[in-house]
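Morning, everyone. Please look at the sequence and the fold on the screen, and I'll walk you through a few spots.

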Amino acid sequence: MEIEFKVRAYGRTELAQLYSPYISSRAAHIKFKKWINRYPGLTEQLRKIGFKETSHQFTPAQVRLIVESLGEP
């Protein structure tokens, strides 16, 4: 049974672990950050809608943008 992904606010590590559930939270966060930085234009688009490196949470709009770029976790 597959659980449906819901677009809502997520903590950075919480969302990273949804994409990489079988590695440590720290490793998932590092990997997720690399994916975001490597996806063309994604970091810039996230910043335009309020994301900062010091943010601890992604807003629903930011999550939607990430999912549109990287696919659902």
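This is a predicted model: local features need pLDDT of at least 70, side-chain atom pairs count only at pLDDT 80 or more; totals for chains, interfaces and linings use all residues.

Now, where does S55 lie? It sits in the loop between α3, residues 42-48, and β2. Is S55 buried or exposed? Buried means under 20% relative accessible area. S55 has 17% relative accessibility, so it counts as buried. Leaving aside residues up to four places away in sequence, S55 touches R12 and G50.

R12 takes us to helix α1, residues 12-19. There, R12, L15, A16 and Y19 are buried. Why are they on the same side of α1? Because they cover an arc of only 100 degrees around the axis. The buried residues of α1 pack against β1, α2, β2 and α4.

Next, the aromatics. The whole structure has 5 aromatic pairs. Take F32 and F58. Their ring centres are 6.0 Å apart and their planes are at 85 degrees, so this pair is edge-to-face. F32 is in helix α2 and F58 is in strand β2, so the pair ties together parts 26 residues apart in sequence. F51 and F58 also pair, but stacked: 5.2 Å centre to centre, with 15 degrees between the planes. F51 and F58 are both buried, and F32 is buried too. Y19, F32, W35, F51 and F58 form one aromatic cluster.

Last stop: the largest pocket. Its volume is about 180 Å³. It is lined by 10 residues, and the closest to its centre are I3, E4, F5, L18 and P73. The lining divides into 6 nonpolar, 1 polar and 3 charged residues.

Technical notes:
Residues are numbered from 1 along each chain as its sequence is written. Side-chain values use heavy atoms; hydrogens and water are left out. Buried means under 20% relative accessible area, exposed over 50%, partly exposed in between (1.4 Å probe, protein chains only). Helices (H or I, at least four residues) and strands (E, at least two) are DSSP runs, numbered from the N terminus. The arc is that of the directions from the helix axis to the C-beta atoms. Contact means heavy atoms within 4.5 Å. On a 1 Å grid over the protein atoms alone, a cavity is a set of points where a 1.4 Å probe fits but cannot get out, and a pocket is an open set with protein on both sides within 12 Å along at least five of seven lines; lining residues have an atom within 4 Å of a point. Grid points are joined across faces, edges and corners, and a volume is the space filled by probe spheres set on the points. Ala, Val, Leu, Ile, Met, Phe, Trp, Tyr, Cys and Pro count as nonpolar, Asp, Glu, Lys and Arg as charged, and the others, Gly among them, as polar. Rings of Phe, Tyr and Trp (its six-membered ring) pair if their centres lie within 6.5 Å; planes under 30 degrees apart count as stacked, over 60 as edge-to-face and the rest as tilted.
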